[in-house]
Amino acid sequence: YTSMDAFDYAAEGVDATRRLFGETRLQPVGGAKVEVADARGLPQYVSGSYGAVMEKGTLDAVYLSGGKDKVKAMMYIVSAVREMARLLAPGGIVFSVSAAAT
């Protein structure tokens, strides 16, 4: 892979990433684009344009954002998984590090 797009639901997470890595290492060409976005709806990203999608804890956070309403939590997680699938190019892979049913 030659480039990476990354996002966080919280602006503070994006700001921390930018401070940690520095803007020069996060340039769009040969680096990473980092922005605030919601995994449940990513219209700014083109369908089928990613060879890989990696999430680490995103599905946990999405599920837990439903609070005690488990129906809402499941709706949220289904939306996020659909978005991951939509973004994948044919033959693409998803690498997931979550335990979203906890």
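R40 forms a salt bridge (a side-chain nitrogen of Lys or Arg within 4 Å of a carboxyl oxygen of Asp or Glu) with D38, the closest N and O atoms being 2.7 Å apart. This is a predicted model, in which local features need pLDDT of at least 70 and side-chain atom pairs count only at pLDDT 80 or more, while totals for chains, interfaces and linings use all residues. Residues are numbered from 1 along each chain as its sequence is written, and side-chain values use heavy atoms, with hydrogens and water left out.

Salt bridges
- By this rule the count comes to 2 salt bridges, and the pair R86 and E83 is joined in one of them, at 2.9 Å from N to O.
- R40 has a relative accessible area of 25% and D38 one of 22%, so that each is partly exposed (buried means under 20% relative accessible area, exposed over 50%, partly exposed in between, with a 1.4 Å probe and protein chains only).
- R86 is partly exposed at 25%, whereas E83, at 13% relative accessibility, counts as buried.

Helix α3
- R86 and E83 lie 3 residues apart, about one turn, in helix α3 (residues 70-87); helices (H or I, at least four residues) and strands (E, at least two) are DSSP runs, numbered from the N terminus.
- The buried residues of α3 are A73, I77, A80, E83, M84 and L87. They cover an arc (of the directions from the helix axis to the C-beta atoms) of only 120° around the axis, which puts them on the same side of α3.
- The face turned away from that buried side carries the exposed residues V71, M75 and R82.
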